[in-house]
Amino acid sequence: NGFAIAGTDKEFHWAQAYIDGDKIIVSSKEVINPVAVRYAWENDPFDVTLYNSINLPAVPFRTDEWVEK
């Protein structure tokens, strides 16, 4: 939970994510060609579920540098 992806239109949609080895695979039926991912990118993320091997939560991150609207 907590992942969102966007295409070139810069519109983010909630996404499904799963761990495959040392990668996180993120997808959404609403985004055909994703170009950006965000995780827990909210003022108060409440439903984050990504933890490392010593049970510490992942920090919020984003792969884009788009200016917020």
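This report describes the strands, the nonpolar core and selected side-chain contacts of one protein structure.

The model is predicted: local features need pLDDT of at least 70, side-chain atom pairs count only at pLDDT 80 or more, and totals for chains, interfaces and linings use all residues. Residues are numbered from 1 along each chain as its sequence is written, and side-chain values use heavy atoms, with hydrogens and water left out.

## Strands and their pairing

Strands are DSSP runs of E with at least two residues, numbered from the N terminus. Two strands pair if DSSP finds at least two bridges between them. An open sheet is formed by four strands in the order β2-β1-β5-β6, with antiparallel pairing. At its edges stand β2 (12-14) and β6 (61-62), each of which pairs on one side only.

Within this sheet, β1 and β2 are joined in the antiparallel sense by three bridges. Their hairpin has five residues between the strands, and Lys 10 takes a positive phi near 65° there. Strand β1 (residues 3-6) is also linked to strand β5 (residues 36-39) by four bridges, again antiparallel.

Strands β3 (residues 16-20) and β4 (residues 23-27) run antiparallel and share five bridges. They form a hairpin with two residues between them, and Gly 21 in the turn has a positive phi of about 70°.

| Residue | Bridge partner | Strand of the partner |
|---|---|---|
| Ala 4 | Trp 14 | β2 |
| Ile 5 | Val 37 | β5 |
| Ala 6 | Ala 36 | β5 |
| Gln 16 | Ser 27 | β4 |

## The nonpolar core

Buried means under 20% relative accessible area, exposed means over 50%, and partly exposed lies in between (1.4 Å probe, protein chains only). A nonpolar core is a set of buried Ala, Val, Leu, Ile, Met, Phe, Trp, Tyr and Cys residues joined through side-chain atoms within 4.5 Å. The largest such core has nine residues: Phe 3, Ile 5, Ala 15, Val 26, Val 31, Val 37, Tyr 39, Ala 40 and Leu 50. Two or more of these residues come from each of the elements β1 and β5. From β1, Phe 3 and Ile 5 point one way, whereas Ala 4 and Ala 6 point the other way, and all are buried. In soluble globular proteins, nonpolar side chains tend to be buried together.

## Aromatic rings

Rings of Phe, Tyr and Trp (its six-membered ring) pair if their centres lie within 6.5 Å; planes under 30 degrees apart count as stacked, over 60 as edge-to-face and the rest as tilted. The structure holds four aromatic pairs. In one of them, Phe 3 and Phe 61 have ring centres 6.3 Å apart and planes at 70°, so the pair is edge-to-face. Because Phe 3 lies in strand β1 and Phe 61 in strand β6, this pair ties together parts that are 58 residues apart in sequence. Phe 3 is buried, with a relative accessible area of 5%, while Phe 61 is partly exposed at 30% relative accessibility. Together with Tyr 39, Phe 3 and Phe 61 form one aromatic cluster.

## Arg 38

Arg 38 belongs to strand β5. Its relative accessible area is 9%, so Arg 38 is buried. Its side chain makes a polar contact of 2.8 Å with the side chain of Asp 64. A polar contact is a pair of N or O atoms within 3.5 Å; within protein, one must be able to donate a hydrogen and the other to accept it, and residues adjacent in sequence count only if both atoms are side-chain atoms. Leaving aside residues up to four places away in sequence, Arg 38 touches several others (heavy atoms within 4.5 Å), including Phe 3, Phe 61, Asp 64 and Trp 66.
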